[in-house]
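Here is a note on the structure shown below, written as numbered points for a reader who is new to such models. Please keep the model open while reading and look up each residue as it is named.

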Amino acid sequence: MEKPTRTGLVLKGLALVIVVGLVAYPLLGVIGTSFASQSDIIRSNGLVLWPDHPNLDAYRTAFTGGRVTRALFVSIGVTTLGTACSLLATIGMAYGLSRRGIVGGRFILMTALFTMLFNAGVIPNFLLVKELGLYNTFAALVLPTMVSAFNLVVMRAFFMNLPEELYDAAKVDGAGDFRTLIQVVLPLSKAVVAVVGLFYAVAYWNAYFNALLYLGDNDKWPLPMVLRTFILQGQALDSGAVGEAVAPQQAVQMAVLVIAVVPILLVYPFLQRYFTKGVLTGAVKG
């Protein structure tokens, strides 16, 4: 393998610095603006990288009315429960479809893959959710998107790449399918489970469209819906959210955005090391 030249390394480093700068600049702008005063925002034309008068007024304003706090707990609950349900369903389907001789396995797999290309559409999905009695319930945020065909394929391929001797040894020891999955397969699949779990968690955390369609009660809105109405549409959080705080509106908007981004930023570094092993082993070798 040819050793990279010094010029090549410099160019790669320069490209990396440019990419990091393009990503970091708006992020730092959002964080800096959330701590800025009105004078800082006016002087910087709305984007403050380093406020001269940092304060927490915007965060106090965001949490005063209770709407952001309520939406934050809703998002945490939906993300936690949804990720757990999605992982259980995906692991079960992937393990079943990875074993040879499963009756109807190919049909089920083709049906799942079909959903990657076509879907029923917004109106049929809405009518189905309403007829099932799920409208205006948190279950409507989880059940319609509980299994992702892409995640199913990745996890199935990972299970298929495990040595067949492991399954044979477990069968000789008298282990059934459930015990084999719990005691043999899952301990060897931590990487793909962590990656798929992160994919599901990010999807549930950022999802707003299902909440827009299926939740008629504003008190049940998750955080992305509050972001949509407050930042994109410019609506106030609620009548009690402003209170006596003097934080400028733009700083409050950026504070809500930071509140929505921070949880994923805290989780991502702990699972990043699993990405290469989990995704590439499942997708490339499969």
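1. Helices here are DSSP runs (H or I, at least four residues), numbered from the N terminus. Before going further, please keep in mind that this is a predicted model, in which local features need pLDDT of at least 70 and side-chain atom pairs count only at pLDDT 80 or more, while totals for chains, interfaces and linings use all residues. Residues are numbered from 1 along each chain as its sequence is written, and side-chain values use heavy atoms, with hydrogens and water left out.

2. The patch itself covers about 630 Å² and is made by Phe114, Met116, Leu117, Phe118, Phe150 and Val153. A patch is built from residues with over 30% relative accessible area and no salt bridge, where like charges are joined within 9 Å and nonpolar side chains (Val, Leu, Ile, Met, Phe, Trp, Tyr) within 5 Å; the areas come from the Shrake-Rupley method with a 1.4 Å probe, and for residues only the protein chains shown count as cover. At least two residues of the patch come from each of α5 (105-117) and α7 (149-161). Phe150 has its place in helix α7 and is partly exposed, with a relative accessible area of 41%.

3. Which residues of helix α9 (residues 177-185) are buried? They are Thr180, Leu181 and Val185. Seen down the axis of α9, these buried residues fall within an arc of 100°, so they line one face of the helix; the arc is that of the directions from the helix axis to the C-beta atoms. The face of α9 turned away from the buried side carries the exposed residues Phe178 and Gln183. The cover over the buried residues of α9 includes α4 (67-98), α7 and α8 (164-172), where contact means heavy atoms within 4.5 Å.

4. Aromatic pairs deserve a separate look, and the count comes to 7. Rings of Phe, Tyr and Trp (its six-membered ring) pair if their centres lie within 6.5 Å, and planes under 30 degrees apart count as stacked, over 60 as edge-to-face and the rest as tilted. The rings of Tyr95 and Tyr167 have centres 6.4 Å apart and planes at 35°, so this pair is tilted. Tyr95 sits in helix α4 and Tyr167 in helix α8, so that the pair links distant parts of the chain, 72 residues apart. Both Tyr95 and Tyr167 are buried. Phe126 and Tyr135, by contrast, have ring centres 5.8 Å apart and planes at 80°, so their pair is edge-to-face. Phe126 is partly exposed at a relative accessible area of 25%, and Tyr135 counts as partly exposed at 36%. Ring pairs also link Tyr95, Phe159 and Tyr167 into a cluster.

5. Ala58, which lies in helix α3 (residues 57-64), counts as buried at 0% relative accessibility. If residues up to four places away in sequence are not counted, Ala58 touches Ser34, Ala247, Ala251, Val252 and Ala255. Ala58 and Val256 are 198 residues apart in sequence, and their C-alpha atoms are 8.5 Å apart in space.

6. How many salt bridges does a search of the whole structure find? The search finds 6, a salt bridge being a side-chain nitrogen of Lys or Arg within 4 Å of a carboxyl oxygen of Asp or Glu. One of them joins Asp40 and Arg43, whose closest N and O atoms are 2.9 Å apart. These two residues are 3 residues apart in helix α2 (residues 38-43), and are therefore separated by about one helical turn. Asp40 counts as buried at 0% relative accessibility, whereas Arg43 counts as partly exposed at 48%.

7. Another salt bridge is formed by the side chains of Asp219 and Arg70 (3.4 Å, N to O). Asp219 is in the loop between α11 (209-214) and α12 (223-232) and Arg70 is in helix α4, so that distant parts of the chain, 149 residues apart, are linked. Glu164 forms a further salt bridge with Arg99, with the closest N and O atoms 2.9 Å apart.

Note on methods
Buried < 20%, exposed > 50% of the residue type's maximum accessible area, 1.4 Å probe, protein only.
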